[in-house]
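Hi everyone, thanks for making time for this one. I'd like to walk you through a structure and stop at a handful of residues along the way.

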Amino acid sequence: GMNAAVRAVVRMGIYVKAKVYFVYEGYQGMVDGGDNIVEVSWESVSSILQVGGTVIGSARCKAFRTREGRLQAAYNLVQRGITNLCVIGGDGSLTGANLFREEWSGLLEELAQKGKIDEEAVKKYAYLNIVGMVGSIDNDFCGTDMTIGTDSALHRIIEVVDAIMTTAQSHQRTFVLEVMGRHCGYLALVSALACGADWVFIPEYPPEEGWEDLMCVKLSENRARKKRLNIIIVAEGAIDCHNKAITSEKVKDLVVQRLGFDTRVTILGHVQRGGTPSAFDRILASRMGVEAVLALLEATPDTPACVVSLSGNQAVRLPLMECVQMTQEVQKAMDEGRFVEAVRLRGRSFENNLNTYKLLSHKRPDAELPKTNFNVAVLNVGAPAAGMNAAVRAAVRVGITEGHKMFAVIDGFEGFARGKIKEISWGDVGGWTGQGGSILGTKRTLPAKYLEKIADQMRTNNINALMVIGGFEAYLGLLELSAAREKYDEFCVPMVMVPATVSNNVPGSDFSIGADTALNTITDTCDRIKQSASGTKRRVFIIETMGGYCGYLANMGALAAGADAAYIFEEQFDIRELQANVEHLTEKMKTSIQRGLVLRNENSNENYTTDFIYQLYSEEGKGVFDCRKNVLGHMQQGGAPSPFDRNFGTKISAKAMQWISKKLKETYRKGKVFANTDDSVCLLGMRRRNLVFQPVAELKNETDFVHRIPKEQWWLKLRPLMKILAKYKTSYDVSDSGQLEHVAMHSPKEAETGAI
């Protein structure tokens, strides 16, 4: 994702009429100067979006750690009149940048004394501004939810785990996987959550005394339950409570000696740093890059050096040194054995991951489970979306842990009416996280025409609560069921909806399960298409995406794939705009970038169809470029879920189930559950930075029911971003850009309000 950040900084810089320079090979290039610092143009960053690593190189630099080195670096920058630095790196690089900034005026004085620069230069270049972006696959930087590169590293790990799963199934093997993370267990923890690993070792949360026995009991129990494989994930920095290393070899030897299981070790190593960046990383880095340029433009000598980062899906700016200090605090807490503190310092998101993992991986013995005598049904509604199965698994397991009996409904409301409902156990959902589609089966049918039959089934099976995982139909379904409460007492029970649809068109949530996977599919396809176009030259591709009337996939796909335009329903376009786009592409063909990519949402306009746009472009572009069209279709719904969708599905669903338990306790009176208030039918959505339960009745005002989309959508604010990066003149609304905040140390209570 670093290249996406480099591209965004260069293009936004040129857009605001600044000169932009590359410094090759990190600080080493800044110290060496010469050809390592060069001015760049718009085209310099073409075609790098889909490339892993970084095109400007990166190096560890001893010289920059010395004052002489920094003096030389300052001289090289002043020669070119550079006083704004954008640094992409981990905490080491950012700490170095901050020190450089603090010493800057002193360095210039020294250069003037040595006669290398004149007094005028000292005055003219008196201040150095610095903005940091955190690029680190470990996600070990405090203050940021996600660092650039983390999501892509998770993609690599999950690809490997999915492949290993099939061989382990066949051979009944145990696999010990070692992932990166010398001081931070994020990758290990999230990949364990995302593949349902049996055991995970991370530096922040060492296992208790006697873990060897516990682990072996757990592994043999799983085998006894007919589970043919075991997966154990070890972070390279894993330790026990005496600060002694736990290595993958040690874990393997233990399993072999005690249980005699056929066990293999796989060390992923640098595979995790490589490969194509995921859609999430490209969008994250592009947003951060633009935000970094804005932060530099607004910087004054008095503002502290800041890092731009993401909180929820909100861009924020944080003082660089506060983040660095907090990151070092974590390490200190771990060194001193204060592990609970270390987990808390890592932030809400990390703490949430850990708690969810603990909740879902170990089944307590039946004797220890509470008995509530409540029955809870889970169903999928709408079109299939990758990650639905992870959500069902989490719901079932949390429900069982809370003491309920869990029931699975096959084929949505239609199946419900026909009595396709059965009890589902802890073991039944094993291995579901990595499965695409919907294992329970899903239908678009709404409940209105089956109300009586569904009420009968709820009575027969004594269902006390409903959890619906699905898209817009699930939302409509809950509205219909709550309206039917007057007539049927059976529907007077707590109901909750978890949004899952590739279209991401559910009101009340910024994200829905399945959209990230679809976005990655679109991005991968666009990458391949761009590659074919770069061979033939002078070719424009028109690609149609799904999404109903919601332009999320087309817009975000365009941002992630580096498209020239995206036509969406939410932003009406006319023939003049189409004409302007054709002219834009004609101009582009005169440069060295001789290919174009245009995305169109399937329902963006009933008359300007994909065929129409294709024919228009073909006619208008005659002699300059030729056209091809591509309808992506249902491949966007399928495939193995991305790490984001597995993790999001798991966490949001676990939270929804805990809400059901709370509501069941509140509404249980005189031997029965009776809930008829609006706040007992909720949608759990991700809003900016938090997970929020919202009564579906209240969401009616926010919904455009004709087009099945929310009236206001957060991602429309990213429209100008895509246009700027594709060289259009447009105005960028900076009102949403981050104000400088402080790193919030959250209290343990706050962890429950639920950040993702």
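Let's start with Asp162 and Arg646, whose side chains meet in a salt bridge with an N to O distance of 2.8 Å. This pair ties together distant parts of the chain: Asp162 belongs to helix α6, residues 150–171, while Arg646 belongs to helix α22, residues 643–667, and 484 residues separate the two. Please keep in mind that this is a predicted model.

Are the two partners buried or exposed? Asp162 has a relative accessible area of 26%, so it is partly exposed.

How many salt bridges does a search of the whole structure find? The count is 38. I'll show you a couple of others.

Asp574 and Arg576 make one of them, with the closest N and O atoms 3.0 Å apart. Arg576 has a relative accessible area of 61%, and because the cut-off for exposed is over 50%, Arg576 is exposed. Asp574, at 29% relative accessibility, counts as partly exposed.

Next come Lys629 and Asp611, whose side chains form a salt bridge at 2.9 Å, N to O. Here too the pair links distant parts of the chain, with Lys629 in strand β19 (residues 626–631) and Asp611 in helix α21 (residues 610–620), 18 residues apart. Lys629 counts as partly exposed at 41% relative accessibility, and Asp611 is partly exposed as well, with a relative accessible area of 38%. There is also a network to look at: Arg67, Arg70, Glu103, Glu110 and Lys114 are joined into one by salt bridges that share partners.

Which residues form the positive patch? They are Arg60, Lys62, Arg65, Arg182 and Arg273. If you click on Arg273, you'll land in the loop between β8 (263–267) and α10 (279–298). Its relative accessibility is 48%, so Arg273 counts as partly exposed.

Glu109, Asp118, Glu119 and Glu120 gather in a patch of negative charge on the surface. Glu109 sits in helix α4, which covers residues 91–113. With 39% relative accessibility, Glu109 counts as partly exposed.

Most residues other than glycine have a negative phi. Asn243 is not a glycine, and yet it has a positive phi of about 65 degrees. Look for Asn243 in the loop between β7 (230–235) and α9 (248–259). Asn243 counts as partly exposed, at 39% relative accessibility.

Asp411 is another residue other than glycine with a positive value, its phi being near 60 degrees. Where is Asp411 found? You'll see Asp411 in the loop between β12 (405–409) and α15 (412–417). Why does Asp411 count as buried? Its relative accessibility is 17%, and buried means under 20%.

Arg719 is in helix α24, residues 719–725, and at 4% relative accessibility Arg719 counts as buried. What joins the side chains of Arg719 and Asn555? It's a polar contact of 3.2 Å.

Met686 lies in strand β22, which runs over residues 681–687. Its relative accessible area is 4%, so Met686 is buried. Met686 and Asp510 are 176 residues apart along the chain, while their C-alpha atoms are separated by 5.5 Å.

For another pair of C-alpha atoms, take Asn701 and Asn313: these are 388 residues apart along the chain, and the separation is 23 Å. Asn701 is in the loop between α23 (696–699) and β24 (703–704). With a relative accessible area of 62%, Asn701 is exposed.

Methods:
Residues are numbered from 1 along each chain as its sequence is written. This is a predicted model: local features need pLDDT of at least 70, side-chain atom pairs count only at pLDDT 80 or more; totals for chains, interfaces and linings use all residues. Side-chain values use heavy atoms; hydrogens and water are left out. Patches are made of residues with over 30% relative accessible area and no salt bridge: like charges are joined within 9 Å, nonpolar side chains (Val, Leu, Ile, Met, Phe, Trp, Tyr) within 5 Å. Accessible areas come from the Shrake-Rupley method with a 1.4 Å probe; for residues, only the protein chains shown count as cover. A salt bridge is a side-chain nitrogen of Lys or Arg within 4 Å of a carboxyl oxygen of Asp or Glu. Lys and Arg count as positive and Asp and Glu as negative; His and the chain ends are not counted. The place of a charge is taken as NZ of Lys, CZ of Arg, CG of Asp or CD of Glu. Helices (H or I, at least four residues) and strands (E, at least two) are DSSP runs, numbered from the N terminus. Buried means under 20% relative accessible area, exposed over 50%, partly exposed in between (1.4 Å probe, protein chains only). A polar contact is a pair of N or O atoms within 3.5 Å; within protein, one must be able to donate a hydrogen and the other to accept it, and residues adjacent in sequence count only if both atoms are side-chain atoms.
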